[in-house]
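Please examine the sequence and the structure shown below. The explanation that follows is intended to be read alongside them.

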Amino acid sequence: MIQKQKGCNDITGREAKVWKYVDSVIDSLMEKYNYNYIRTPIFEATELFHRGIGESTDIVSKESYDFVDKGGRSITLRPEGTAGVVRSFIENKMYGDPNQPIKVYYNGTMYRYERPQSGRDRELTQFGMEILGSDDPLTDAEIISASVNLYKMLGLKEIKVNINSLGDNESRRAYREKLIEYFKPHIKDLCEDCQERLEKNPLRILDCKVDCDNDIIKNAPKTIDHLNDASRERFEHVKEYLDIMSIKYEVNPNIVRGLDYYNHTVFEVEAKVDGFGSNNVLGGGGRYNGLVSQLDGPETPCVGFATGIGRIVKALELEKVKLPIVEDIDLFLLYVNEDEKKYACYLAQELRLAGFIVDTEYTGRGLKGQFKQADRLNAKFTIVLNSEDLDNNEVKIKNNKTKEEEIISLDVLIYYLDEQLASMEDDDECGCGCHEDGYNCDDDCDCTGDECKCENKEKHHKKKGE
Ligand code: HAM
């Protein structure tokens, strides 16, 4: 039997519905922040990632899916989205667009040849957002706020935002010297990779996966203590804007990120829910002012963020967040003979076009088996199509919950279903089926309805407030 590749996943059933839901929340969030969707290729020239992300990073030196295509070109499956967006920005001369800055988002598969473990896959899906063409600290704060708002809109509460600043080039150079000076006497106690990193890129030692618990790394000098005045002032502005937006964060000098292109603000959002394991960073990003010019474009300040959809789905599951996912159908059509089957075919078409979720029988089950199937699909209503009723232009419709049956004219079926389904929603404590615990609100929501994102918030909050 052929099996899926290591570190790849089949997303099916309910989990697939959760993925689609997360995607829909992302689209709606990005609409509010006025970002345009961008699709870039899944494979690019190897050089783009090697030059863009950095030769000495793990992503490039160890985890890169490189191959030579039939035309002899060196190709790499994208390990992340930022480099492709920057290539597209330069190639399509987006810097010449009067509508600056360029704000784009993507949501697609990335590939990293990692040792697979929980939360660390070889094929992963990232949602990412990038602002190209502004150095305003407000854009750093906007990216951080959008990421936090995404997690909040999804109903996640147990998250922590860590921010740090790597400073501008001058600060980074000074800090680099300090790090080399600090690590040199201890270098024999660190792993082989770190010994190589010392001269090439000492910052990478700080996010070594092998030595991360080593005190030598923990006690290393902190970037934040080596910022020049301009960088420190810039970072203060970012924090100020975050405070204005009531975004909670912690300044964590250990955040340096695993990619070389960052300067100034860097940040990561951690899941704090029990059971997540060690790969608990939901998303991260930061400013990368040098990347566009490094890839032969004009000097362009940029900032961005990306988050793994798989890790979000895991956090939603561990936090037991109730989601407004449709797990039932409106109507199941049952039949016995070919004439009734043809009517099922016709009626299903009409009702689906009218907006109802309708299913029917496809495997030759008897009526008993069809009723069982209707139950498995959580059908709210069933109709047994019977030639005699149909000759009278009628159907017998059964409410699958109350088991009540009614004979109604086919002429009013759509109207009847509309009315019945609407009254079922009214009976639901919360119309969206998700909100009994105030899951979309802040922790301290007192159910005035202000923070609630639910479409039925007025009805729901009226009930809760009473
Ligand atoms: P990154 O930190 O490498 O940043 O990845 C962002 C997120 O992608 C991680 O926090 C994690 O949720 C998810 N992720 C990464 N690797 C894996 C994996 N092997 N398995 C599952 N999920 C994973 C970037 O990629 C930058 N491009 C972010 C950025 C955008 N910076 C500026 N703009």
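The paragraphs below treat the sheet, the helices beside it and the surroundings of the ligand in turn.

The model is a predicted one. Its eight strands form an open sheet of mixed pairing, in the order S1-S5-S6-S11-S10-S9-S7-S8. At the edges stand strand S1 (36-37) and strand S8 (250-251), each of which pairs on one side only. Within the sheet, strand S9 (residues 263-271) and strand S10 (residues 281-287) run antiparallel and are joined by six bridges.

Helix H4 (residues 82-91) lies across strand S5 (102-111) and strand S6 (123-132), and runs at about 45 degrees to S6.

Which residues are the closest to the ligand? Of the 27 residues that surround the ligand, the closest are Glu80, Glu114, Glu130, Tyr262 and Leu282. A polar side-chain atom of Glu114 lies 2.6 Å from a nitrogen atom of the ligand, and for Tyr262 a polar side-chain atom likewise lies 2.6 Å from a ligand nitrogen atom. Gly283 takes part through its backbone, where a polar atom is 3.5 Å from an oxygen atom of the ligand. On its own the ligand has 650 Å² of accessible area, and the protein covers 95% of this.

The elements that give two or more residues to the shell around the ligand are S6, S10 and strand S11 (302-308). S10 gives the most, with six residues. By class, the shell comprises 10 nonpolar, nine polar and eight charged residues.

Definitions and conventions:
Residues numbered from 1 in each chain as written. Predicted model: local features only at pLDDT ≥ 70, side-chain atom pairs only at ≥ 80, totals over all residues. Heavy atoms only, no water. Pairing = 2+ DSSP bridges. Helix = DSSP H or I, 4+ residues; strand = E, 2+ residues; numbered from the N terminus. Contact = heavy atoms within 4.5 Å. Axes fitted to C-alpha atoms, helices over the stretch in contact; angles between N-to-C directions. Near = heavy atom within 4 Å. Polar contact = N/O pair within 3.5 Å; in protein donor to acceptor, adjacent residues only side chain to side chain. Areas by Shrake-Rupley, 256 points an atom, 1.4 Å probe, with all protein chains shown as cover. Nonpolar A, V, L, I, M, F, W, Y, C, P; charged D, E, K, R; others polar.
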